[in-house]
Amino acid sequence: MIDFARVQKELVECSKDAEGSGIKVSPKTDNLVLLIGTIPGPLGTPYEGGVFHIDITLPDGYPFEPPKMQFATKVWHPNISSQSGAICLDILKDQWSPALTLKTALLSVQALLSAPQPDDPQDAVVAQQYLKDYQTFVSTARYWTESFAKASSCGIEDKVQKLVEMGFPEAQVRSILEAVGGDENLALERLL
Amino acid sequence: MDDYATSDDDYHYSDQDDSVDGFDNDDQDIPLLSSKAPSTQVITKESLLAAQKEDLRRVMDMLSVREQHARTLLIYHRWDVEKLFQVYVDKGKAYLFAEAGVSVDESRESGSSVRSSVLCEICIEDVPSDEATKMDCGHCFCNGCWTEHFIVKINEGQSKRIRCMAHKCNSICDEAVVRTLLSRQHPDMAEKYERFLLESYIEDNKRVKWCPSTPHCGNAIRVEDDELCEVECSCGLQFCFSCLSEAHSPCSCLMWELWAKKCKDESETVNWITVHTKPCPKCHKPVEKNGGCNLVSCICGQAFCWLCGGATGREHTWSSIAGHSCGRYKEQEKTAERAKRDLYRYMHYHNRYKAHTDSFKLESKLKETIQGKIAISEEKDSTVRDYSWVNNGLSRLFRSRRVLSYSYAFAFYMFGDELFKDEMSEAQREIKQNLFEDQQQQLEANVEKLSKILEEPFETFSDDKVMEIRMQIINLSTIIDKLCHKMYECIENDLLGSLHLGIHSIAPYKSKGIERASELSVCWNNKVNNTGVTAELDRPSGSGSSEDNSGCSSRKRARKEGLGGGGGGSDGGFFDLNLPAEFVDRN
Ligand SMILES: [Zn+2]
Ligand SMILES: [Zn+2]
Ligand SMILES: [Zn+2]
Ligand SMILES: [Zn+2]
Ligand SMILES: [Zn+2]
Ligand SMILES: [Zn+2]
Ligand SMILES: [Zn+2]
């Protein structure tokens, strides 16, 4: 059985300093089995400025078995599946310890965003790109952050729309926007 | 099965005969092969604990640690005591312990009794300190959380190395704590844990393997060195210790695997049909090709070209069919010929392999007949009293039949293209093949002779004639033994030994046949030396005299009583890991 008393305490503990860390955990349903975690993209990375949501499922044996975590927000990262959002992280597998919490696990996920480990990839395509063409990796990751992790700000579709209206072909607009990581001005420079 | 090999019979032959054509009767080299003490042992459910005590005690004494720590270290090093000691010598105790997750904390008892309650960081509850447990590594959590943790780990199959709950703590949980906490509410889990720990000695040990019998006899076999060898379990199953399939020398494990698969594979039959028949273009029945001409005709009356399968007229010469030119002759002919040649080659070896396997089965029945004949002979008023030579001859026949049949599977791969195509030139191969086949033929001829003589109705013979047949059987047995020995040597040195690919090796030839693993019985009251370094394991010695054996079995009985009485209290005395190793000595 899941130790719900502990989960409850964890949620209280986590909300206490949500301001400082930016990490949040909240129940998805009222049975505390499905939760949703939120982490801000780390500064100085292509994920900066993005807000990433992570689906959390607690197994029966929690906290003696690791929580299942998966990105709900699409993200371009060697250790995270660009398709499913599955995360390749040791503490979510055999290095899990019952002394860890949902918050510490999310902090580890956040740390993973800052320090990818392309030698132990979850997404082979991304890992290849990271190793062979780092610049393209960075701009793709930034583009994905812009497109999927920034719901509030001006979305990528709007930018595409704008540039297309300026008279550039849509396919070209999209590929250049992706290449420059979603930066509208840079894209415009290139198009001109 | 009877033990044919209890006496030294095979080596006394030369005392009785003086001339065996062309063979050196000096048997000095043969005892070398089998004079070694039996090096394999059967480990039963009952002796499993005893089997590991020796290793445990060595580690406990060497490092002055408790039994559970010795076990943790041994499990980590897969029960390789030498390797463990090597790490100790090379890198020191601290490294050895840290690597395996052993923490030894002397201050454990005195420490935390001051505070009345502790905060368990797992359930985030304050618990009375007597309901919390501190492990050797110093991490303290409540008993409820520890118990949950143990159960999850055991169910995950990780009983043998349950790590501490603290993050990044590599320490292995004290088995006494695991046992105590589990048995309070989950005796079934405690039992499971116990069994996994015990069986680690088999599961995680390259020197010990489960007997592959089905249904499983419950035994495991331990060998002295992890060398390639063939063993017989006390349940009667003979197997290759290395690949766990039937004993297959002089085939290497890989060759045997390929051969067994090939024999099972029906694709060979399918292959035969595709090589030898083609469907008629009119009625689609398979038509077999007879003779060399490439125009075949079906019983329906249709003629067609064998090469392309197309319908043709009947007008043709040896090399062409009127109005038909398909030009596929060359390549088609080549692949077809090749497939056919491969198939014939396989059939050649397989037929001989099978013939010897079949003979072996038939001869197994001969054993009963011969016991009957011996019984009749012993009733007779005769000067011949001893008939052990008949049985000895019979077991020689069985052993050499095996060798012969597997030697064909060996030859199939040794001289075929599948494994060693680039290993030797055509000419080299031919020389080697001739050398080998010469030996094989000699062996074969002598084995057939022996087989024939053993079928003679010696129970009706006169004493003189019995003595004569006795001489023949003894002589043939000696010759056959030497030929087998020579063949193994040739395979090891001249054939496999010269290959660049070092992956093929074979179990050594044993004159006395596949070694029967001896029952492991620890003689408890035997040799308690002061250092207590070794638990003397009783191995029947190679000379295998009968007193030795009976002596041992009686000691074995004594052990059971001793342990059963002493270990009382727990239902399975033999499985009680709580039993300290020292107990064994005292008893
Ligand atoms: Zn607790
Ligand atoms: Zn610890
Ligand atoms: Zn067996
Ligand atoms: Zn084998
Ligand atoms: Zn036909
Ligand atoms: Zn013809
Ligand atoms: Zn044709």
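From the N terminus on, the elements of chain A run α-α-β-β-β-β-α-α-α-α-α-α. That comes to eight helices and four strands. Helices (H or I, at least four residues) and strands (E, at least two) are DSSP runs, numbered from the N terminus. Of the 192 residues in chain A, 47% are buried. Buried means under 20% relative accessible area, exposed over 50%, and partly exposed in between (1.4 Å probe, protein chains only).

This is a predicted model, in which local features need pLDDT of at least 70 and side-chain atom pairs count only at pLDDT 80 or more, while totals for chains, interfaces and linings use all residues. Residues are numbered from 1 along each chain as its sequence is written, chains are lettered from A and ligands numbered from 1 in the order in which they are written, and side-chain values use heavy atoms, leaving out hydrogens and water.

Now to the zinc sites in chain B. Donors are N, O and S atoms within 2.8 Å of the metal (3.2 Å for Na, K and Ca); water is not among the atoms, so sites may look incomplete.

| Zinc ion | Protein donors | Distance | Spacing |
|---|---|---|---|
| ligand 3 | C211(B) (SG), C217(B) (SG), C233(B) (SG), C235(B) (SG) | 2.2 to 2.3 Å | C-x5-C-x15-C-x1-C |
| ligand 5 | C280(B) (SG), C283(B) (SG), C298(B) (SG), C300(B) (SG) | 2.2 to 2.5 Å | C-x2-C-x14-C-x1-C |

C217(B) is partly exposed at 28% relative accessibility. C233(B) is buried at 1%. The site of ligand 3 is tetrahedral, with angles of 106 to 114° among its four donor atoms. Four donors count as tetrahedral if all angles lie between 85 and 135 degrees.

At ligand 5, the donor atoms subtend angles of 101 to 122°, which makes this arrangement tetrahedral. C283(B) is partly exposed at 31% relative accessible area, and C300(B) is partly exposed at 33%.

Chain B also holds a helix pair. The axes of α14(B) (residues 426-454) and α15(B) (residues 463-495) come within 9 Å and cross at roughly 155°. Axes are lines fitted to C-alpha atoms, for helices over the stretch in contact, and angles run from 0 to 180 degrees between N-to-C directions. The crossing makes α14(B) roughly antiparallel to α15(B), a term for angles over 145 degrees.

Definitions and conventions
Parallel < 35°, antiparallel > 145°, perpendicular 65-115°, else oblique. Tetrahedral: all angles 85-135°; square planar, octahedral: opposite > 155°, others 65-115°.
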